[in-house]
Amino acid sequence: MIVLIFFFVLLWNEAQSWGVKNGVLHNSIWLERAAGVYHREARAGKYQLTYAEAKAVCEYEGGQLATYQQLEAARKIGFHVCAAGWMAKGRVGYPIVKAGSSCGFGKTGIVDYGIRLNRSERWDVYCYNLHAKECGGIFTDAKHIFKSPGYPNEYENKLICYWHIRLKYGQRIHLQFLDFDVEDDTACMADFLEVYDSYDDITGFVGRYCGDELPDDIISTGNLMTLKFLSDASVTAGGFQIKYVAVDPPSKPNDEKNATSQGNTNFLSGKFGIM
Ligand SMILES: [Ca+2]
């Protein structure tokens, strides 16, 4: 229970830290693409890219490695990511807007690991591409249906979409997949949709989905959820349509137990207790 409360406090603090300041929405995944700069990790997970691989990731998407100056420019308008990544010229670092003890040593600015002599070290990457196609949205409504770009037509290549759902504190998000068709491969390496039970795509990973089988429903642990859709440079598919509805907190503890026994729903309730 203590762990549960701790995470609720954590989520609450994050929710509190959001807001528009100086015309810029701060500390949101939406700024993942600030000023053409965006963060990427390997499809195998965090800190898996050598310098050569990092460079290839950006170039594959039509961009290039971000320079230190580009990353700093993005940071100045609110780009905040707690993961070290390669930049141009073999440099490694990450941008911190909001000082915190768990990330960035309590400082703000670019946390700079300098130019690495060993280019085989494995980090994430910061790419720069002013022309990449952005998509996605931020939803705060109690229910909403959102679609892949162009739906019901096929989605395009080289998409990076973030949908960011933020409901009232205490509410949960019930995701339901109405239609789903994303280029299929065994490990979802080409195109994929990822679901995160958090305000960003760093923590709370729930699953990665591709193919044409409808994923099961998902119910969040908190009032925040992030969906990330990536398509690579070739082969598209029909896309998807996803609905969410707000779930009000259970009035009795027993209600939650009942909910977990529902058929094909991934009720993420116990998760924070396990962590
Ligand atoms: Ca594809």
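This report describes the fold, the confidence and the packing of a predicted model.

Residues are numbered from 1 along each chain as its sequence is written. Because the model is predicted, local features need pLDDT of at least 70 and side-chain atom pairs count only at pLDDT 80 or more, whereas totals for chains, interfaces and linings use all residues.

**Overall fold and confidence**

The protein chain holds five helices and 18 strands, these being DSSP runs numbered from the N terminus (helices H or I, at least four residues; strands E, at least two). Of its 275 residues, 35% count as buried, a residue being buried if 20 or more other C-beta atoms lie within 10 Å of its own, exposed if 12 or fewer, and partly exposed in between, with C-beta atoms placed from the backbone. The pLDDT, which is the predictor's confidence in each residue from 0 to 100, has a mean of 80 over the protein chain, and 77% of the residues reach 70 or more.

| Element | Residues | Mean pLDDT |
|---|---|---|
| Helix α5 (lowest) | 271–274 | 32 |
| Strand β5 (highest) | 85–86 | 98 |

The pLDDT is below 50 over residues 2–31, a stretch that has 42 contacts in the model beyond near neighbours in sequence; two residues are in contact if their C-beta atoms, placed from the backbone, lie within 7 Å.

Leu65 touches, among others beyond four places away in sequence, Ala54, Cys58, Trp86 and Cys127.

In helix α3 (residues 68–76), the buried residues are Gln70, Leu71, Ala74 and Arg75. Seen down the axis of α3, they fall within an arc of 140 degrees, so they line one face of the helix, the arc being that of the directions from the helix axis to the C-beta atoms. Their cover includes β3 (37–40), β6 (91–96), β7 (109–115) and β8 (124–128). After α3 comes Gly78, whose phi is positive, near 110 degrees.

Gly207 lies in strand β14 (residues 205–209) and counts as partly exposed because it has 15 C-beta neighbours inside 10 Å.
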